[in-house]
Amino acid sequence: MSTHNDYNFAFIDENAKKEIRRSILKAICLPGHQVPFASRELPIARGWGTGGLQVTLAIIGPDDVLKVIDQGCDGSVNAVNLRDLIHRTTGVPTTFETAQASIIQTRHRIPELPLREDQIIVFQVPIPEPLHYVEPSIEKATAMHAEKDYARMWVSLYEDIVNYGSVTIGASYPVMVHENYIMAPSPIPKWDIAKLNMANCLHLFGAGREKRIYAVPPYTRVEPLQFEDKPFKKEDFSGHVCARCGAGDSFLDEIFDEASGGKYWVCSDTAYCDSRIQKEAAV
Amino acid sequence: MGYVAVQGGETAIRNADALAAYLRVNGTSQVLTRQQIEDQLKLLVDRVMGEGSLYSTYHAALAIKQAEGDPVEAGFIIRAYRSTLPRIAVSEYWHREDEQILRRISSAFKDIPGGQILGSTNDYRQRILDFGLDAETEDAVRRSAESYLQSFASVQKNDVPQSESVYPKVVELLQKEGLIRQYAAVEIDPAIDVTRESVSFPLHRSGRLQLMARSETGSILALAYSSMRGYGSIHPTIAELRVASVPLVISHPYRREETVYCGTVTITETEVLAKFDNDNEEGRASFTLGYGCCFGVNEVKAISMAVLDRCMKSKEKHAPAEDQEFVLSHIDGIESSGFCAHFKLPHYITFQAELDRVREAIKEESHVNA
């Protein structure tokens, strides 16, 4: 009985990787459209980024440089774990610096530093179906996409405004891709939505448990769903700056201060924060 | 003011892992061997092979040891390992005459051709906690095994009833009488493989059966039980439940006309008869059939599967168990446990976004009220 300590490059068998790449190509051809794929089980639990991980493992090559973030942070425990798995099974170098990476796998954030044409950002997606707010059945939601039947989605946003004065969706705010499909941008904050629009980089989205892959290619129009008289608003951090680097232009984490009993704010993108501190120190 | 220790992840993970590794073999008892698990925790091994979707007692037992006996975790480890293996062949259909029956019962008829064969079962064992097992010694176990085998020594060959070479299926008898609705062969052939093809709904019946065969026992039981209790009850009767050892045969990879025997697989197979319906094409009343089959000995799972197979054939979705998307999306233990556990991951960003929304809504509200 063999012990199988040696695994294939990037863990998954080559046929599976090929199949995932075919789904990715289809997804790029149909921006915002969810392409079903035969999601493989990985040594990481379902719901912990196996969709993004399969996309990364399928596209990564020996010349890539990898960055993995969770909630904007390279040092977060799950990011550490995913990075370790990819590094161990591929040997590719890893980095914390956004500009150095050729592939960035992320959960819940897009880095503050604008990405380039030669960079790919891979999103881990828990719930790929944006219509789940109004239709729990995937079968029915798929038909709604095919028929561009988005009336119930618009009505639900309208009802939100009537009931609460504004749309209550926080993260994973639904977007319209290329005026065609409504797409779930994964649970990124509204702060990051604008970064998807006409971006230089390729965005790939992988939902492992729900077995869907979708994409936003570079230079694609991505608009949050909004009404003319109730424009989309991103999170408001006015009056706060990062307590570490002083940034007033980044998404901030709100932290309870044990010592003072008060609150303070720091950059959620730790690489951005660190680079600002380093620049400051160099001056 | 402190800075949130976000960069300590690597050390924290390593330490937590070291503690878990220490606790796995904590205590003074002998180290549990993989072989012991394979020999003495057979039902657990069977369950992990089924849920892990890989028929290998060796790998399942090893995973159980690694997972400290948690069946879902062990199945998860096996599934991940499975992703590294290419699919090299698809098995041929097995023939009834090649299967070795270990157990075979019918609740529909008192006597069936070939007879009821109880085989090994704890169905009629009184579940009294056996404190004797606490002091079970190797010696005593060997002695009792020997005396059990000795009890057959006096049996003369002529006393043993001639065993059947082929046990006919109970449902075949009813089918001959035209009492069971015939389903078109296209429903199962060609079979799809949900591990190689994407799942979308409505799903081909072979895909439904495969997803159920890989499902978590407790989850599939709960959904089948909801139907049994009355949420869209189909009133099942077990036409036949079999535990059998069946040959695994594949077609030769190069010489297409030849087949290769690879070994045997133990399976539990169930057919349930459900209340008649008269919405078939012929317009006459008949029973409908539900089919379940899973790796190893796992009767509750095979019965639940057969019940749900029948439930999902219902034309109208009166109950959750009759809605295939609902059933099939929620029975995989690896997926459900993984997603459940993921809520332990940080959700600072999503929660911050929610906070912003609630604060905004409160602001709007006070604005309106003012």
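**Two chains and the pairs that join them**

Let's start with one residue: R46(A) counts as buried, at 1% relative accessibility. Buried here is under 20% relative accessible area, exposed is over 50%, and partly exposed is in between, using a 1.4 Å probe and protein chains only.

Some housekeeping, in two sentences. This is a predicted model, where local features need pLDDT of at least 70 and side-chain atom pairs count only at pLDDT 80 or more, while totals for chains, interfaces and linings use all residues. Residues are numbered from 1 along each chain as its sequence is written, chains are lettered from A and ligands numbered from 1 in the order in which they are written, and side-chain values use heavy atoms, with hydrogens and water left out.

Back to R46(A). What does R46(A) form with E335(B)? A salt bridge, with the closest N and O atoms 3.5 Å apart. The pair joins two chains, because R46(A) sits in the loop between strand 1 (35–36) and helix 2 (50–59) of chain A, and E335(B) in helix 12 (residues 333–342) of chain B. By salt bridge I mean a side-chain nitrogen of Lys or Arg within 4 Å of a carboxyl oxygen of Asp or Glu. Helices (H or I, at least four residues) and strands (E, at least two) are DSSP runs, numbered from the N terminus. Is E335(B) buried or exposed? At 11% relative accessibility, E335(B) counts as buried.

Now the interface. The contact, meaning heavy atoms within 4.5 Å, takes 71 residues from chain A and 55 from chain B. The area buried between the two chains is about 5,200 Å², and carbon and sulfur atoms give 58% of that. E41(A), W48(A) and E139(A) supply 12% of the area that chain A buries against chain B, more than any other three residues. Buried area, by the way, is the accessible area (1.4 Å probe) that two parts lose on being put together, summed over both.

How many salt bridges are there between chain A and chain B? The count is 6. E335(B) turns up again here: K211(A) forms a salt bridge with E335(B), and the closest N and O atoms are 2.6 Å apart. On the side of chain A that touches chain B, helix 3 (77–90), helix 4 (138–146), strand 10 (252–256), strand 11 and helix 7 each supply at least two residues. The residues on that side divide into 32 nonpolar, 16 polar and 23 charged. A polar contact is a pair of N or O atoms within 3.5 Å; within protein, one must be able to donate a hydrogen and the other to accept it, and residues adjacent in sequence count only if both atoms are side-chain atoms. For the classes, Ala, Val, Leu, Ile, Met, Phe, Trp, Tyr, Cys and Pro count as nonpolar, Asp, Glu, Lys and Arg as charged, and the others, Gly among them, as polar.

Let's look at helix 7 of chain A, residues 270–282. Helix 7 of chain A has 13 residues and reaches 18 Å from first C-alpha to last, close to the 18 Å expected at 1.5 Å a residue; that expected span is 1.5 Å times one less than the number of residues. T270(A), A271(A), Y272(A) and C273(A) are buried in helix 7 of chain A. What do the buried residues of this helix pack against? Strand 2 (66–70) and strand 11 (263–267) of chain A. At the start of helix 7 of chain A, a side-chain oxygen of D269(A) reaches to within 3.2 Å of the backbone nitrogen of A271(A).

Strand 2 has its own pairing. R107(A) forms a salt bridge with D70(A), the closest N and O atoms being 2.7 Å apart. R107(A) lies in strand 3 (residues 103–107) of chain A and D70(A) in strand 2, so the pair ties together parts 37 residues apart in sequence. R107(A) is buried at 3% relative accessible area, and D70(A) is buried at 2%.

Last, chain B. Chain B has 13 helices and 4 strands, and 41% of its 370 residues count as buried. One of them is T270(B), with a relative accessible area of 0%, in strand 3 (residues 259–277) of chain B. Leaving out residues up to four places away in sequence, T270(B) touches several others, including I238(B), Y291(B) and A306(B).
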